[in-house]
Amino acid sequence: QVIGCPKTIDGDLKNEMIETSFGFDTATKVYSEVIGNIERDCNSAKKYWHFIKLMGRSASHIALECALQTQPNYCVISEEVEAKKMTLNEIVDEIAKVVAKRAEAGNNYGIVLIPEGLIEFITAMKALIAELNDLLAKTPDFAEQTPAAQREFVLNNLSAENAATFASLPEGVARQLTLDRDPHGNVQVSLIETEKLLSEMVGKRLKEMKEAGEFVGKFSALHHFFGYEGRCADPSNFDADYCYALGYNAAQLIKCGVTGYMSSVRNLTCPSVQWIAGGIPITMMMNMERRHGAMKPVIQKALVDLEGKPFKYFAKHRAEWAEKTSYTYPGPIQYFGPTEVCDQPSRTLYYEKGGK
């Protein structure tokens with residue numbers, strides 16, 4: 001018998017029966033603590049723009065949750081970028097406008113959150129990466145070539161449109177797109193320094209704006225990538241309770257004689273005595289995706305719902321957060337004390353359930 005439990009730090013294993021994956025609550029609380037620390041320093045020094053890349057390859061749940069907890073000046077949501085068909089330059093322009101607007105009030109500092117998978121949601125980049133994945137899957141000796149030979153090989157074997165996109169990128173970023181693939185044959189987006197790419201491009205855009213009299217402030221950027229720091233923390237009280245329930249429930253599913261099921265525990269914003277246990281066939285959660293150049297059945301990823309309550313709350317408040325300094329400092333995970341302090345679920349779950 002095989003029984004699964006919903007595990008992924010990215011929070012993209014969700015459906016009607018799976019409200020959240022374990023580890024997401026812990027990771028986002030850890031990240032939010034560190035982002036809050038940087039916000040406090042940022043608000044004290046008042047001289048740096050911090051570009052912070054967060055884990056989240058295929059979905060922006062971590063970035064959105066951290067934005068809801070810390071209220072940064074700007075947060076990129078990859079799913080929105082894809083829905084609006086935004087180009088890299090359009091993202092840069094939006095960030096530059098926020099920087100310029102804050103500079104008008106004498107605030108030459110701020111916080112920008114970036115999901116690590118952003119590049120794959122930009123239409124031109126997505127097409128380039130898909131073709132690169134297929135090309136490199138068919139070229140086993142690619143890694144043995146020199147960097148110059150690799151670049152020439154890629155440019156000569158891509159379609160004209162994707163070759164033009166590849167050629168337009170800074171050489172360092174272009175090379176990062178051709179590095180070793182992960183076990184699924186996909187580009188390792190965590191190796192692409194998107195935070196540095198964006199801050200570099202924003203800096204250049206602001207110089208142009210300054211020459212045109214549209215920017216009167218200063219711009220100095222610092223870079224961070226919060227990844228494994230969030231994966232190795234002691235679990236939050238919520239995750240500890242949730243995992244206990246998932247494991248106990250998985251044992252009951254085994255006892256009932258079923259196999260190929262995912263352990264499901266729902267109603268998670270209520271006290272644990274009101275949680276609802278059950279199971280869902282793993283095959284019901286699958287769709288076909290391209291891996292190593294071929295279509296394979298994989299568990300379907302749940303992306304940020306742009307019509308969902310968590311994103312709508314974020315969208316309603318982000319203009320205010322962009323202009324004002326509305327930072328919140330969640331602080332470290334609390335293990336002992338009142339339930340309302342120690343056992344709260346993520347803001348994502350809170351808003352999805354309408355605050356109930």
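Colleague: The axes of helix H2 (residues 61–70) and helix H11 (residues 309–323) come within 10 Å and cross at roughly 55 degrees. Why are H2 and H11 called oblique to each other?

Modeller: Set the angle against the cut-offs. Under 35 degrees counts as roughly parallel, over 145 as roughly antiparallel, 65 to 115 as roughly perpendicular, and the rest as oblique. The H2 and H11 axes cross at roughly 55 degrees, so H2 and H11 are oblique. Axes are lines fitted to C-alpha atoms, for helices over the stretch in contact, and angles run from 0 to 180 degrees between N-to-C directions. Helices (H or I, at least four residues) and strands (E, at least two) are DSSP runs numbered from the N terminus.

This is a predicted model: local features need pLDDT of at least 70, side-chain atom pairs count only at pLDDT 80 or more, and totals for chains, interfaces and linings use all residues. Residues are numbered from 1 along each chain as its sequence is written, and side-chain values use heavy atoms, with hydrogens and water left out.

Colleague: Which way does H2 pass H11?

Modeller: The crossing is left-handed. That means the near helix is turned anticlockwise from the far one by less than a right angle; clockwise would be right-handed.

Colleague: Which residues make the contact between H2 and H11?

Modeller: Contact means heavy atoms within 4.5 Å. Leu-64, Ala-67 and Leu-68 of H2 meet Pro-310, Phe-311, Tyr-313, Phe-314 and Trp-321 of H11. By class, that is eight nonpolar, no polar and no charged. Ala, Val, Leu, Ile, Met, Phe, Trp, Tyr, Cys and Pro count as nonpolar, Asp, Glu, Lys and Arg as charged, and the others, Gly among them, as polar.

Colleague: How do you know the term for H5 and H6?

Modeller: The axes of H5 (residues 123–137) and H6 (residues 147–157) come within 11 Å and cross at roughly 115 degrees. H5 and H6 are therefore roughly perpendicular. H5 passes H6 in a right-handed crossing. Glu-131, Leu-132 and Leu-135 of H5 touch Phe-153, Val-154 and Asn-157 of H6.

Colleague: How many cavities of 30 Å³ or more are there?

Modeller: The count is one. The largest cavity has a volume of about 50 Å³. On a 1 Å grid over the protein atoms alone, a cavity is a set of points where a 1.4 Å probe fits but cannot get out; a pocket is an open set with protein on both sides within 12 Å along at least five of seven lines; lining residues have an atom within 4 Å of a point. Points join across faces, edges and corners, and a volume is the space filled by probe spheres set on them.

Colleague: Which helix gives the most to the lining of the largest cavity?

Modeller: Helix H13 (residues 347–352) does, with three residues. The lining includes Gly-11, His-61 and Glu-352.

Colleague: What is the volume of the second largest pocket?

Modeller: About 400 Å³. Of its 18 lining residues, the closest to the centre are Lys-29, Gln-69, Pro-330, Val-341 and Gln-344. The lining divides into seven nonpolar, seven polar and four charged.
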